[in-house]
Amino acid sequence: MLVTILTLFPEMFPGALSHSLLGKALGKLWDLKVVNIRDFATDKHRTVDDTPYGGGAGMVMKPDVVDNALKYALSLYNDMPEIIYMTPHGKILNHSTAKEISANRAGMIFLCGRYEGIDQRVIDYWKLNYNMREISIGDYVLFGGEIPAMVVIETSLRFSAGIMNNKTSVEEESFANGLLEYPQYTRPTFWNNIAVPEVLLSGNHKEISSWRISISEQITQSIRPDLWQIYQKQHKSTK
Ligand code: SAM
């Protein structure tokens, strides 16, 4: 699976993506191509941005330069990859979007904006003609799309075959079944005079499993009432 990054700061990659399980799989189960958007500028000063029409602060990334970079990235693929513009205007990333993206075996292209963002015309054009998605990592603004792209890559690749040692842990983690995961404990049995919940020491797998479901339900209800409401609706409709 090929992941292509279009950025004005190529030196930010692979960065965090070269560590741990993702790093071990890099070059084996997935490949990373980092493309400098500046290489697609057409003037001798290699200009990638200009002042906004209508005035206002900051600079806007030029549509012709971004379009050339996207066309080049797309030419690296035989099949249609996911093309993703990281933007605060996008759909907020969640478990199911990450899973959906990971299902595209061709791979992913990430367009990382900087400054005030990218000229709207090239965004609209690629959404209309190439189904480009817009994804946000939350309701706040960062300086650029590189860290958001890393977040999407890390969470999507966790679903890819072979990257996680243990497939069941993805399926049991928070959000997989609509709930937050149960709390985890390890040795020692007593720490700071606080004991590990007794049921976890019982060796009774059935009891452990029902304790985990029940505590997952309790914490989801108290911490994330929004998730709890959806979970309850789904469970009522399957009964
Ligand atoms: N002027 C834009 C606005 O107010 O919506 C913000 C531009 S931001 C400073 C520059 C770039 O950072 C964006 O084009 C986008 O690629 C990236 N970015 C910033 N916040 C983001 C977020 N929450 N999710 C995804 N990308 C983000």
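Predicted model: local features only at pLDDT ≥ 70, side-chain atom pairs only at ≥ 80, totals over all residues.
A word on conventions. Residues are numbered from 1 along each chain as its sequence is written, and side-chain values use heavy atoms, with hydrogens and water left out. Local features need pLDDT of at least 70, side-chain atom pairs count only at pLDDT 80 or more, and totals for chains, interfaces and linings use all residues.

Which residues are the closest to the ligand? They are Y85, M86, G113, Y140 and L142, within a surrounding set of 21 residues; a residue is counted if one of its heavy atoms lies within 4 Å of the molecule. By class, this shell holds 11 nonpolar, eight polar and two charged residues. In that scheme Ala, Val, Leu, Ile, Met, Phe, Trp, Tyr, Cys and Pro are nonpolar, Asp, Glu, Lys and Arg are charged, and the others, Gly among them, are polar.

Strand β5 (82-92) and strand β7 (133-136) each contribute at least two shell residues, and β5 gives the largest share, five residues. Strands (E, at least two residues) and helices (H or I, at least four) are DSSP runs, numbered from the N terminus.

I turn to the polar contacts, pairs of N or O atoms within 3.5 Å. A backbone N or O atom of Y140 lies 2.8 Å from a nitrogen atom of the ligand. A polar backbone atom of G113 is 3.0 Å from a ligand oxygen atom, and a polar side-chain atom of H89 is 3.3 Å from an oxygen atom of the ligand. Taken alone, the ligand exposes 580 Å², of which the protein buries 85%, by the Shrake-Rupley method with a 1.4 Å probe.

As for the chain overall, an automatic or database assignment gives domain 1 (2-157) and domain 2 (176-237). Their centres, taken over C-alpha atoms, are 37 Å apart.

Finally, the backbone. Where is P14 found? P14 is in the loop between β1 (2-7) and α1 (20-25), and a cis peptide bond joins F13 to P14, with omega about 0°. The bond from R187 to P188 is also cis, with omega near 5°; P188 lies in the loop between α6 (167-172) and β8 (190-191).

Note on methods: Polar contact = N/O pair within 3.5 Å; in protein donor to acceptor, adjacent residues only side chain to side chain.
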